[in-house]
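Here is a friendly briefing to read with the model open beside you. Please have a look at the structure first.

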Amino acid sequence: DTLPCTELPVFLDKAERLKNYVNSLSYDEQKRLWACSDKIAQENHVRFAETDLRKRLTPAILAYDGIQYTYMAPDMFEQQYFDYVQEHVRILSGFYGSVRPLDGVVPYRLEMQAKLKIRDAKDLYSYWNSKLAEHIFAETDCIINLASKEYSICVSKYLRPGIRFITCVFGEEKDGKIIEKGTMCKMARGEMV
């Protein structure tokens, strides 16, 4: 019934800086950053204030609960599947940067598109800059991209010769064009993993 975390996220120091920055904001500033209801903002305000990024951790593959993770069906995995995803899958995160499936994470709310200005960075894309791409390129020269455009740009923007970047498009043809439907794409991304 439990799955241990194997490691901490590789960019934990940068996540710690983000946590501290978010904590320095007023509640109203946090709510604008998260663009959410009062209930969700209050919950995340408390989370950020009380969170220790090294304690009470959950493996990322079980912590994230979006549609794509549900359709990945990690609750059905046998050990060899966990071994496979740990070696081959990287999850891009606005808060943690790049996470392996069995890295220990805490609940948080911070999307890559959040309008967060920290230090010299005007947003999270410039905060992470090329670090995520460089980290992934150091592991492989062939990337099967199942990320949404908002996240995949963190890698695709920094492609260099010798790196194969294969983007999967999940859509339906209609009048000679490919139409992608958000929910269906998320389901397909998870199933493909």
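The notes below go through strands, a surface patch, cysteines and backbone angles.

This is a predicted model, in which local features need pLDDT of at least 70 and side-chain atom pairs count only at pLDDT 80 or more, while totals for chains, interfaces and linings use all residues. Residues are numbered from 1 along each chain as its sequence is written, and side-chain values use heavy atoms, with hydrogens and water left out.

**Strands β5 and β6**

- Strand β5 covers residues 142–145 and strand β6 covers residues 164–167; helices (H or I, at least four residues) and strands (E, at least two) are DSSP runs, numbered from the N terminus.
- The two strands β5 and β6 pair in the parallel sense over 4 bridges, where pairing requires that DSSP finds at least two bridges between strands.
- Together with helix α9 (residues 149–156), β5 and β6 make a right-handed β-α-β unit; right-handed means that, with the strands pointing away from the viewer, the path from the first strand over the helix to the second runs clockwise.
- In a regular strand the side chains alternate between the two faces of the sheet.

**A nonpolar surface patch**

- I144, I166 and M192 make a nonpolar surface patch of about 270 Å².
- Patch residues have over 30% relative accessible area and no salt bridge, with like charges joined within 9 Å and nonpolar side chains (Val, Leu, Ile, Met, Phe, Trp, Tyr) within 5 Å.
- A salt bridge here is a side-chain nitrogen of Lys or Arg within 4 Å of a carboxyl oxygen of Asp or Glu.
- M192 lies in helix α10 (residues 182–192) and counts as partly exposed because its relative accessibility is 46%.

**Cysteines**

- A search of the whole structure finds 0 disulfides, a disulfide being a pair of cysteine sulfur atoms within 2.5 Å.
- C168 is in no disulfide, and the nearest cysteine sulfur, that of C142, is 10 Å away.
- C36 counts as buried, because its relative accessibility is 14%.

**Positive phi angles**

- R119, a residue other than glycine, has a positive phi near 50°; R119 sits in the loop between β4 (104–105) and α7 (124–128) and is exposed at 67% relative accessibility.
- D175 also has a positive phi, near 55°; D175 belongs to the loop between β7 (172–174) and β8 (177–179) and is exposed, with a relative accessible area of 75%.

Technical notes
Areas by Shrake-Rupley, 256 points an atom, 1.4 Å probe, with all protein chains shown as cover. Buried < 20%, exposed > 50% of the residue type's maximum accessible area, 1.4 Å probe, protein only.
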